[in-house]
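Here is a short report for a reader who is new to this structure. Look over the sequence and the model before reading on.

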Amino acid sequence: GNLTTMGDAAATVSGPTCTREDVLAAADRIKGLGTVHHTPLMSCSYLDDRTGLKLAFKCENLQRSGSFKIRGASAVISTLSEEQRAKGVVTHSSGNFAQSLSLAARLAGIPAHIIMPSNAPAVKRAAVEGYGGLVTLCEPTQAAREAAAAKKKAETGAELCHPYNDPRVIAGQGSIGLEILNDRPDTEAILVPVGGGGMIGGIALAADGAVRVVGAEPAAANDASVSKTVRHPLPRNCCCTTNLQHVGHAPRKKLCSRRLVSSCPCFYFNF
């Protein structure tokens with residue numbers, strides 16, 4: 001295969017929003033809920049031969065709701081008081097986090113209010129509603145999504161749960177890193193795709209500098225790499241019109257920590 005990187009970017013940002021202890025605590029709470037699978041690490045001899053490496057793939061595609069995001073959603077719900085649970089949760093999302101929070105909320109017996117852009121794919125809206133999410137549509141802009149979520153929170157008293165820019169979500173996603181390191185103690189590096197940054201932020205905290213954590217993103221949508229260089233989040237440049245996110249402020253503190261995240265290159269994979 002042909003692998004091209006676009007270079008490393010170094011920056012330092014102080015003041016973490018959560019710690020490795022928070023990741024450990026979130027993992028324990030999630031395990032107690034029983035809402036998240038401990039997904040397998042799978043190997044592929046063909047890719048090992050092509051790369052000259054010993055690769056393992058964390059199969060979060062086998063996770064409940066179809067993605068890793070139920071980890072962060074469950075972590076948030078596990079922190080709610082009985083009073084908060086009665087009022088439910090609210091988020092804005094066009095897809096995976098909406099489904100994950102809806103399922104986690106249904107399993108917990110609480111309502112989930114989901115703000116979705118009006119141009120979200122019908123199949124994603126159907127999946128959210130199938131999991132019991134209460135969908136409200138808004139204009140397909142980041143500002144409209146955030147405003148609609150704030151309005152729903154004011155109307156219902158529901159707990160706002162950001163898809164990635166939330167320390168509780170970051171801690172929950174970090175349980176992926178704990179599982180990798182427990183299942184494969186000989187791990188030398190973890191390559192993590194970067195969107196909003198919640199997953200790589202949590203995994204970086206879980207690794208705590210013990211292994212290299214490297215972010216990967218498409219070269220045509222390299223906002224995380226550029227954000228790491230300029231030290232502030234930039235809007236995501238993506239061909240998907242419903243993906244209007246940017247790297248969150250909370251994950252960015254982990255992303256920009258040289259001790260936790262060694263690099264954030266952009267990759268082309270061509271097999």
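Two strands pair if DSSP finds at least two bridges between them. With that in hand, the sheet can be read strand by strand. The model is a predicted one.

## The sheet

Four strands make up an open sheet, in the order β6-β5-β4-β7, and their pairing is parallel. β6 and β7 are the edge strands, each pairing on one side only.

Strand β5 covers residues 112-117. Strand β6 covers residues 134-138, and β5 pairs with β6 in the parallel sense over 5 bridges. H113 has L134 as its bridge partner in β6. M116 is partnered by L137 of β6. P117 stands opposite C138 in β6. Strand β4, residues 89-92, is joined to β5 by 4 bridges, and these two strands also run parallel. Here H92 faces I115 of β5.

## How the chain crosses over

Between β4 and β5, the chain passes through helix α5, residues 96-108. This β-α-β crossover is right-handed. From β5 to β6, the chain passes through helix α6, residues 122-130. That crossover is right-handed as well.

## Strand β5, inside the structure

Is β5 buried or exposed? The cut-off for buried is under 20% relative accessible area. By that test, 6 of the 6 residues of β5 are buried, so the strand is largely enclosed by the rest of the structure. Its side chains point two ways. A112, I114 and M116 point one way. H113, I115 and P117 point the other way. Residues on both faces are buried.

Leaving out residues up to four places away in sequence, I114 touches T91, S93, A98, L101, S102, V128, G133, L134, V135 and T136.

## The nonpolar cores

In soluble globular proteins, nonpolar side chains tend to be buried together. Here the largest nonpolar core has 32 residues. Within this core, I77, V89, L101 and I114 have the most contacts. The elements giving two or more residues to the core are α1 (20-33), α3 (69-77), α5, β5, α8 (167-173) and α10 (198-207). Helix α5 gives the most, with 6 residues.

## Helix α10

Helix α10 is mostly covered, with 10 of its 10 residues buried. Its buried residues include G198, M199, I200, G201 and G202. I203, A204, L205, A206 and A207 are buried in α10 too. Just after the helix comes D208, with a positive phi of about 55 degrees.

## E159, a buried glutamate

E159 is found in strand β7, residues 159-160. Its relative accessible area is 17%, so E159 counts as buried.

What does the side chain of E159 make a polar contact with? The partner is the side chain of Q84, at 3.5 Å. Beyond its neighbours within four places in sequence, E159 is in contact with L80, Q84, G88, V89, V90 and R168.

## A108 and R85

A108 is found in helix α5. In sequence, A108 and R85 are 23 residues apart. In space, they are 8.5 Å apart, C-alpha to C-alpha. Setting aside neighbours within four places in sequence, A108 is in contact with I77 and R85.

## Cysteines

How many disulfides does a search of the whole structure find? The search finds 0. C138 has 9% relative accessibility, so C138 counts as buried. C161 has 0% relative accessibility and also counts as buried.

Definitions and conventions. Residues are numbered from 1 along each chain as its sequence is written. This is a predicted model: local features need pLDDT of at least 70, side-chain atom pairs count only at pLDDT 80 or more; totals for chains, interfaces and linings use all residues. Side-chain values use heavy atoms; hydrogens and water are left out. A disulfide is a pair of cysteine sulfur atoms within 2.5 Å. Buried means under 20% relative accessible area, exposed over 50%, partly exposed in between (1.4 Å probe, protein chains only). A crossover is right-handed if, with the strands pointing away from the viewer, the path from the first strand over the helix to the second runs clockwise. A polar contact is a pair of N or O atoms within 3.5 Å; within protein, one must be able to donate a hydrogen and the other to accept it, and residues adjacent in sequence count only if both atoms are side-chain atoms. Contact means heavy atoms within 4.5 Å. A nonpolar core is a set of buried Ala, Val, Leu, Ile, Met, Phe, Trp, Tyr and Cys residues joined through side-chain atoms within 4.5 Å.
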